[in-house]
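Here is a short report on one predicted model. Read it with the structure open.

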Amino acid sequence: MKSLAELKAIKEKMQGQVGIRNNDQAETRVVVGMATCGIAAGARPVLQTLSTLVQEKNIPGVIVTQTGCIGLCQYEPIVEVYDPEGEKVTYINMDEEKAKEIVDKHLVRGAVVTEYTVGNI
Amino acid sequence: MFRSHVLVCGGTGCHASGSAGVMSVLREEIKRQGLDKEVQVVQTGCFGLCALGPIMIVYPEAKFYSRVQVSDIPEIVSEHLLKGRVVERLLYHETLSSDDNVKSLNDTGFYKKQLRVALRNCGVINPESIDEYIGADGYEALGKCLTEMSPEDVIKIILDSGLRGRGGGGFPTGRKWDLARRLVPDADQKYVCCNADEGDPGAFMDRSVLEGDPHALVEAMAIAGYAVGANKGYVYIRAEYPIAVGRLEIAIQQARNYGLLGKNIFDTDFEFDLEIRLGAGAFVCGEETALMTSIEGRRGEPNPRPPFPAEKGLWGKPTVLNNVETYANIPQIILKGADWFASMGTEKSKGTKVFALGGKINNTGLVEIPMGTTLREIVYEIGGGIPNGKKFKAAQTGGPSGGCIPMSHIDIPIDYDNLIEIGSMMGSGGLIVMDEDNCMVDIAKFFLEFTVDESCGKCTPCRIGTKRLFEILEKITSGNGTMEDVDKLDGLCAYICDNSLCGLGQTAPNPVKSTLRYFKDEYIAHVKDKKCPAGVCTDLLTYKIVDEKCKRCTACLKVCPAEAITGAVKERHTINPAKCIKCDACVQKCKFGAIVKE
């Protein structure tokens, strides 16, 4: 490496990856149901996709984590997004493609993707 | 990308309690359960709570597990890492509040009052990854210095920050750099050195920085090189620190590969390279002139000052020598500014200080606090108090060169000048807490024994003076001392301080001086009453059985290795003082507290 620009490129790449270790300013929590029901329905790739995208896009103040059974096993995989005030949006029947949409629309732009929410059954 | 990071402490403390084994089993188990693409295991430096090792933090939830054993690993992986169910029984007890809610780590007593500057990356990044260091703003300060600042600017910002040497002396770092830059204008070669020869008993601050954030040192030394006009640096580090040496070697190699050491760093004319020199463990080699003599390949003995290293140092060339913790502050000061640094601490002591907490304290470990924090806060809030409900007696700072702080000064704000005033010193940061069971004369004797052993022998006051001091202390603790001996201590201390060649000898009598100052009554008790009030000096103790408390169970008889106790079941037990070797085995065995020493 010879230039500041190269240093900056490495820094930006790494900050997304190391940022996961700084949950001080976490405001928005994205929770994926990872009980037996969730895992059986395919929650793991959903969780992995959400986590990877949040880190790659370096979205500030968002943590992606797991939780147990939410109680709506037939609608798994379920993803819940808690905003800083604790209000939550529940997405159901998630898959990797839908997860990408959630990240782009909800987490980046703040627009709830109503068609995937539990209220839409 | 990993959705979860498991940080396992790889510092020396946790290493000793088995973190390496825990980590390798963790990696295997994660693989076995098919999570190796989702969960990353990272080895980090010291988290600070060494008493509770092996320690592990799981992100993004920031859950702090303590005393993790290999047998706990399958449960952590299948419950927490896969399903997100925290294994509560392994959580650090302080993070669990009474209503079963989990508190953030920063709200616990141990971390709440800490402020991490020098240790900011310890326990956060993988010390063996230069990329992670860069991700944490690493090498940005070096880039800023080389491309935006003149060497004078760099020195000015360090001067303005008020940073003082963290190795013990407290000399302003900026002034040291300024002298090295200007004193010999036509020098053809200059050097930058780092003192990582941390020799005080019980001190492990620099070790932890090196183990947890070695790149910070590499970056700071390059900045120092730029500021003073040196292109070559040496890190003098104890060979007894294998983990630190290994990680520093990796860091230097990675920096070279990235072109952050070597020629034309950041496309400028500046070149700088580092070399490691291993010390063989002589305490005197922590003294700057002895250290440089040792780097030169000669026997580590001190030389008179002046000339100071800034004028004539390594191989007679102008040299800057700072300690590890001092360097660890530099990149932060460059990035965040002198005002930011000067906003922490007291009027004359800016910033933070790392202390290695040890002795009679619950949270043994590594802490970093703003200057001006009181000893009471360190002992009772951060340190979690003294085990077994014992009373605080004193704290020793500065190791064998420092002195003790008694209860009467526990509320004094800790900074360089206050400590000197009460007869101790900041030292490099060892802080050993003593309770009512510690005999202060014995403590002084312990440190003197150390300095007698470590005196290099070059000058007479230190070589013979410390030996005589030690002999007098031995005489007192064995019950043969006179009041004349106690008076002699005073004069001998002053003589050694005034006449020794280097810092080792000049400060060696400090433990005696400060215990005499605050605990003279204990010396007098040893001499006049032939008693050791704390019950430590065995020559002055007699063991007795209190008949009313004795249940005549013969437990003490069986455990006595000298057959000094006579008696039988339901018969009176007695100790024969002629046979008793004062090993304390009976006291520890007796469940009824029937054996007393006085």
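The buried residues of helix 13 of chain B are Val324(B), Glu325(B), Thr326(B), Tyr327(B), Ala328(B), Asn329(B), Ile330(B), Pro331(B), Gln332(B), Ile333(B) and Ile334(B). Buried means that 20 or more other C-beta atoms, placed from the backbone, lie within 10 Å of a residue's own; 12 or fewer means exposed, and in between is partly exposed. Just after helix 13 of chain B comes Gly337(B), with a positive phi of about 100°. Helices (H or I, at least four residues) and strands (E, at least two) are DSSP runs, numbered from the N terminus.

The domain assignment of chain B, automatic or from a database, gives these bounds:

| Domain of chain B | Residues |
|---|---|
| domain 1 | 4–105 |
| domain 2 | 130–341 |
| domain 3 | 352–435 |
| domain 4 | 440–529 |
| domain 5 | 542–597 |

The centres of domain 2 and domain 4 of chain B, taken over C-alpha atoms, are 35 Å apart. Their contact takes 11 residues from domain 2 and 8 residues from domain 4. Contact means C-beta atoms, placed from the backbone, within 7 Å.

Chain B also meets chain A: 29 residues of chain B are in contact with 28 residues of chain A. On the chain B side, helix 5 gives the most, with 4 residues.

Residues are numbered from 1 along each chain as its sequence is written, and chains are lettered from A and ligands numbered from 1 in written order. In this predicted model, local features need pLDDT of at least 70 and side-chain atom pairs count only at pLDDT 80 or more, while totals for chains, interfaces and linings use all residues.

Conventions
Contact = placed C-beta atoms within 7 Å.
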